[in-house]
Amino acid sequence: MRNFNDFVPKEFEEKVVQVNRVSKKTQGGNKIGFSVVVVIGDKKGRVGVGIGKAPEVQSAIKKGVAYAKKHLVVVPMRNGTIPHQVLVKKGAAKLLLKPAPSGSGVIAGGAVRAVVELAGIKDISSKVLGTNNQANNVYATFEALQMLRASVDKNEKKANDGEVEQVVVKENAVKNEVVVTTEEKPKNKTKKVKGN
């Protein structure tokens, strides 16, 4: 008889994005294996991506999930969407993620949708500009979510005597890191013209 404790809800939801059958020529014949790309997430801001390789699909999925659990990322969100726009190029994959107004839903393709939904983002707009390879697009999406900075919440305008603080996000292409800086917009200076 089964115990009700066996049906404890899982901490993370899993989604298999891609399954590749790989065959290797050996002296004794063909050695067949499987390569699986898995995305896990708790829909509360934590998401992970893993790849697993094994002779059977089930064991490959288990390996992918184990790797993804070790490499989780916390995604900063604001009102169910991302705080700012991100453009990422990773290998042949090029990807654009944009915040969307509430109620618009997830506007994304299969690979991007899997990562974004499991992260718990409810409103987002995205466009895949590069390759159609799902594995590359998953990794590009994962990297884009890592680049998000919660400090962009300060982008809400502060009116200090006409000065507006603006947050600028720059990507260093050499080191693949994001630098967040603040810039002050100059005040509008008006010239007074003497009348006749």
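This is a short walk through the structure, one selection at a time.

Before you click, know that this is a predicted model, where local features need pLDDT of at least 70, side-chain atom pairs count only at pLDDT 80 or more, and totals for chains, interfaces and linings use all residues. Residues are numbered from 1 along each chain as its sequence is written, and side-chain values use heavy atoms, with hydrogens and water left out.

**Stop 1: the core**

Start by selecting V39, V47, L97, I121, V138 and L145. Within the largest nonpolar core, which has 32 residues, these touch the most other members. A nonpolar core here is a set of buried Ala, Val, Leu, Ile, Met, Phe, Trp, Tyr and Cys residues joined through side-chain atoms within 4.5 Å. Buried means under 20% relative accessible area, exposed means over 50%, and partly exposed is in between (1.4 Å probe, protein chains only). Now colour β2, β3, β5, β6, α2 (110-119) and α3 (134-147): these elements each give two or more residues to this core. Helices (H or I, at least four residues) and strands (E, at least two) are DSSP runs, numbered from the N terminus.

There is also a second, separate core of nine residues, and F12, V38, I40 and A68 are among them.

Zoom in on V39 next. Leaving aside neighbours within four places in sequence, its contacts (heavy atoms within 4.5 Å) include E13, V17, V47, A114, L118 and V138.

**Stop 2: L97 and its strand**

Which strand holds L97? Select residues 93-99 and you have β6, with L97 in it. L97 has a relative accessible area of 1%, so it is buried. Not counting residues up to four places away in sequence, L97 touches I82, H84, V112, I124 and A144, among others.

Strands pair if DSSP finds at least two bridges between them. β5 and β6 run antiparallel, joined by five bridges, and K90 stands opposite A93 in β6. The two strands form a hairpin with two residues between them, and G91 in the turn has a positive phi of about 65°. Five bridges also join β6 to β8 (residues 124-128), again antiparallel. Pick K98 and you will find its bridge partner, S125, in β8.

**Stop 3: the loop between β4 and β5**

Select T81 and N79, which both lie in the loop between β4 and β5. Are they buried or exposed? T81 is buried, with a relative accessible area of 8%, whereas N79 counts as exposed at 71%. Among the contacts of T81, leaving aside neighbours within four places in sequence, are P99, I121 and D123. N79 is not a glycine, yet its phi is positive, near 55°.

**Stop 4: K43**

Jump to the loop between β2 (29-41) and β3 (46-54), where K43 lies. K43 also has a positive phi, about 60°, although it is not a glycine. With a relative accessible area of 43%, K43 is partly exposed.

**Stop 5: G64**

Finish at helix α1 (residues 57-70), where you will find G64. G64 counts as buried because its relative accessibility is 0%. Not counting residues up to four places away in sequence, G64 touches V38, G50, I51 and G52.
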